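Subject: Structure handover

Dear colleague,

I am passing on the structure below, followed by notes on what was found in it. Please read the two together.

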Amino acid sequence: TRWQVLARGALRGDLSGLARTLTANALSLSPQDDDAATVLSAWLARQSVRLERYRQLLADVRMAQTIDMAMVSVLLRELRGMG
């Protein structure tokens, strides 16, 4: 339906914005470090609890026979919590 198309577009926009936010967040943790692996390691360590929850939810979604907007919305909400 038209609403589903609009919702998919909105979710794609949200995901794109989240990617920028998460990247900026990771870079801000180690502003003097220009080694990507070090920056990523620092961010992963700081987000370990939230990342584990996200991974569990993602595993649940992958096991589902169909994926709906509610599932995607919850996944995006979890990502927002890391930003």
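**Overall build**

Of the contacts in the chain with a separation of 6 or more, 55% are between residues 24 or more positions apart, where contact means heavy atoms within 4.5 Å. Please keep in mind that this is a predicted model, in which local features need pLDDT of at least 70 and side-chain atom pairs count only at pLDDT 80 or more, while totals for chains, interfaces and linings use all residues. Residues are numbered from 1 along each chain as its sequence is written, and side-chain values use heavy atoms, with hydrogens and water left out.

The chain has four helices and zero strands, with helices (H or I, at least four residues) and strands (E, at least two) taken as DSSP runs numbered from the N terminus. Its radius of gyration is 15 Å, whereas a compact globule of 83 residues would have a value near 12 Å; the radius is taken over C-alpha atoms, and the globule rule is 2.2 Å times the number of residues to the power 0.38. The C-alpha trace spans about 50 × 25 × 15 Å along its principal axes, and buried residues make up 22% of the 83 residues, buried being under 20% relative accessible area, exposed over 50% and partly exposed in between (1.4 Å probe, protein chains only).

**Helix packing**

Helix α1 (residues 2-29) and helix α2 (residues 36-46) pack at an angle of about 105°, with their axes 8 Å apart. Axes are lines fitted to C-alpha atoms, for helices over the stretch in contact, and angles run from 0 to 180 degrees between N-to-C directions. The two helices α1 and α2 are therefore roughly perpendicular, the term for 65 to 115 degrees, with over 145 counting as roughly antiparallel. In this contact L22, N25, A26, L27 and L29 of α1 meet V39, A42, W43 and R46 of α2.

The axes of helix α3 (residues 48-63) and helix α4 (residues 69-80) come within 10 Å and cross at roughly 165°, so α3 and α4 are roughly antiparallel to each other. Here R53, Y54, L57, L58 and V61 in α3 meet M71, V74, L75, E78 and L79 in α4.

L6 lies in helix α1 and is partly exposed, with a relative accessible area of 43%. Between L6 and L75 there are 18 Å in space, C-alpha to C-alpha, and the two are 69 residues apart in sequence.

Best regards

Key: Angles under 35 degrees count as roughly parallel, over 145 as roughly antiparallel, 65 to 115 as roughly perpendicular and the rest as oblique.
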